[in-house]
Amino acid sequence: MYVRRLTLTNFRCYRRLDLTLPCETIVVCGRNAQGKTSLVEAVYCLATTRSPTASADREVVHWQAAEDGIPFSRVHGEVARADGAVTLDIVTALQSTDAEEPRYGKRVQVNGVPRRALDVLGHLNVVLFTPQDIEVVAGAPAERRRYLDVLLCQIDRAYCRALSTYNQVLAQRNHLLRKLRDRGGKPDELAFWDERLAHVGGQLIERRLATVVALDALAAPLHGDLVDAADPHGPLEVRYLPGLRPARRTAWQPALAGLAETPAPYADLPPDADGLAARLHDALGAQRADDIARAATQAGPHRDDLAFRLGGIDMRTYGSRGQQRTVILALKLAEAQRMWSETGERPVLLLDDVLSELDAVRRRHLLARIEPRQQTIITTTQVDALPDPLPPDTLVLEVEAAAVVAARRAGRAVTPPVREREQG
Ligand SMILES: Nc1ncnc2c1ncn2[C@@H]1O[C@H](COP(=O)(O)OP(=O)(O)O)[C@@H](O)[C@H]1O
Ligand SMILES: [Mg+2]
C-alpha cells in the first residue's frame, strides 16, 4: 500500500500542499525547520488519526488558520492498496471557546463518509522511525507499551477496541479503589470490575505476547546483520514481561553477562486469552488490599513491559547509546515485516532524520533493506548522508519554507514537477 496523493490544509507549517507520490523511495531534503517532519507527521496522522508528537490537537493547526474564520486543519490522503483505493480525511477543528482553553476536536472520514477514529485504522499502515524512538529501548515502560499499541492497533481493530475498553474499565476500577480507601466500603464491590478487567486484559496480553514472540524471531537476524561480525555481544532477545505480578521486574533485573536464558521463556504463562484472564483475575484478587491502600491497580497489561537483551545484558540499563540505536533499528525493521506478514501489504516506511544518527555501516544496511517498491519517505538535512550516488531515479523533494520547491530524479538533470509524475 502507499499514499498516492497527500493534500494538507493548515497542517502544521503548511497552509496548503498538494503532492502526488510514487510507491518508491522518496527523499525529502531541506534545511532545519522547513517542514520535513510535518510532512511525515501528516502521513502518520492518516494512518493512526494522531500526531506522533503533539500533546494537544490544536498544535497541528496552523497558527494563522484563525484568519480564515473557523480554525481547522485537514490531512487528506488517497491510499492505493492491493484491494483498491481509499481516501482518508483527518480534520482537526476548533469546537468551542467557552472554556478557558479553546477546545479542538477531530473528525475523520473514510471514502468521504464520517466515521469513528477507530474505523480509520488499518486502511494505511505506517512504520515511523525517528531519533526519539531510542526511548523505546532506553525510556520508561510506558514507551514500550505505546510502541506495541501503535503497532497492534494498526493491524488489529479488535485489539484497539479491547484496549479502549480496558482503559475505561481500569479507570472505573481505580475510581472505586480511591472511594474504598477514602470512604471505606466492602472490597467485594470490586468483583464486577475485576471480572471485566481480567477478561479484556487477557485478550490484550495474548495479542501482545504473540506479537513480541514474532518480533523476537524477526529482529534477531536483522540485528545480527546490522552489527559487525566481530561484535562480541551475542544475539538480540526481545522478551515480553506481562504485568501479572507486581514484583516481576526483579526476575529480570540481574543483567549479568552470560546469564543463561531460560530455555522456554513463557513456559509459566497460560497459552490462551482465557487462561491469561484467569491468571490476571487471581493476581487482582491477591492484591486487593494493597490495591485499595494505594488506590491503584497494580496488575494488568497497563503494567506490561518489554526487555531487550544482548548476550544476556539488559539494554535499557546497560546498553551503550550505539547498541540501543541498533536494537531499535532492528525492531523497526522487524515491525515492518510483521505488518507485512499480518496484512499482506507492505506498510509505508517513514524515516525521519534517522540517517545522520547512524554510522556508515548501519546506514548502508538500513538502506539496503528498503524495498524499491515499498513507499519509503526519508527526510534529511544532509543529502550527503545518503548513499552517493542515490539509486538512479530516486525521487528527491526539496522542502523550503513549508513548500515543496523542487522535485527531481536522482541522476537526472531535468526537474519535472511532481504532479506530472503521477502513477496510476
Ligand atoms: N501549528 C503550527 N503552525 C505553523 N507552524 C508550525 C506549527 N507547528 C510547528 N510549526 C513550525 O513548522 C516549522 C517546520 O517544522 P518541521 O516540519 O518540524 O521542520 P523540519 O524541516 O526541521 O523537520 C517549524 O518552524 C515549526 O516551528
Ligand atoms: Mg525534522
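This is a predicted model: local features need pLDDT of at least 70, side-chain atom pairs count only at pLDDT 80 or more; totals for chains, interfaces and linings use all residues.
Visitor: How far does helix α4 reach from its first C-alpha to its last?

Guide: Helix α4 covers residues 141-155, 15 residues in total, and reaches 22 Å. Residues are numbered from 1 along each chain as its sequence is written, while chains are lettered from A and ligands numbered from 1 in the order in which they are written.

Visitor: How do you know what span helix α5 should have?

Guide: The rule of 1.5 Å a residue applies again: the 27 residues of α5 (residues 157-183) should span 39 Å, and the end C-alpha atoms are 39 Å apart, so the two agree.

Visitor: Which residues of α5 are buried?

Guide: Among them are Y159, C160, L163, Y166 and L180. Buried means under 20% relative accessible area, exposed means over 50%, and partly exposed lies in between, with a 1.4 Å probe and protein chains only. The buried residues of α5 pack against α2 (117-120), α4, α6, α7 (273-286) and α8 (288-294). Helix α4 has buried residues too, including R144, Y147, L151 and I155.

Visitor: Is N10 buried or exposed?

Guide: N10 has a relative accessible area of 2%, so N10 counts as buried. N10 sits in strand β1 (residues 2-11), and its phi is near 55°, a positive value in a residue other than glycine.

Visitor: Why is S38 called buried?

Guide: S38 has 11% relative accessibility, so it counts as buried. S38 lies in helix α1 (residues 36-48). Not counting residues up to four places away in sequence, S38 touches F11, R12, C13 and Y14, where contact means heavy atoms within 4.5 Å.

Visitor: What is in contact with N125, leaving aside its neighbours within four places in sequence?

Guide: The partners of N125 are M1, Q154, I155, M339, T343, P347 and V348. N125 is in the loop between α2 and β8 (126-129), and with a relative accessible area of 1% N125 is buried.

Visitor: Which residues touch the most other members of the largest nonpolar core?

Guide: L236, F308 and L331 do, in a core of 75 residues. A nonpolar core is a set of buried Ala, Val, Leu, Ile, Met, Phe, Trp, Tyr and Cys residues joined through side-chain atoms within 4.5 Å. Helix α6 (residues 191-226) gives the most to this core, with 12 residues. The core draws at least three residues from each of domain 1 (2-125 + 349-421) and domain 2 (132-327). Apart from it lies another core, of 43 residues, among them Y14, V79, I90 and V120.

Visitor: What separates the centres of domain 1 and domain 2?

Guide: Taken over C-alpha atoms, the centres are 31 Å apart. The contact takes 16 residues from domain 1 and 14 residues from domain 2. The domain bounds come from an automatic or database domain assignment.

Visitor: How do you know what radius of gyration a compact globule with 424 residues would have?

Guide: The globule rule is 2.2 Å times the number of residues to the power 0.38, with the radius of gyration taken over C-alpha atoms. For this chain the rule gives a value near 22 Å, and the chain has 23 Å, so the two agree. Buried residues make up 52% of the 424 residues, and the chain has 11 helices and 15 strands.

Notes
Side-chain values use heavy atoms; hydrogens and water are left out. Helices (H or I, at least four residues) and strands (E, at least two) are DSSP runs, numbered from the N terminus. The expected span of a helix is 1.5 Å times one less than its number of residues.
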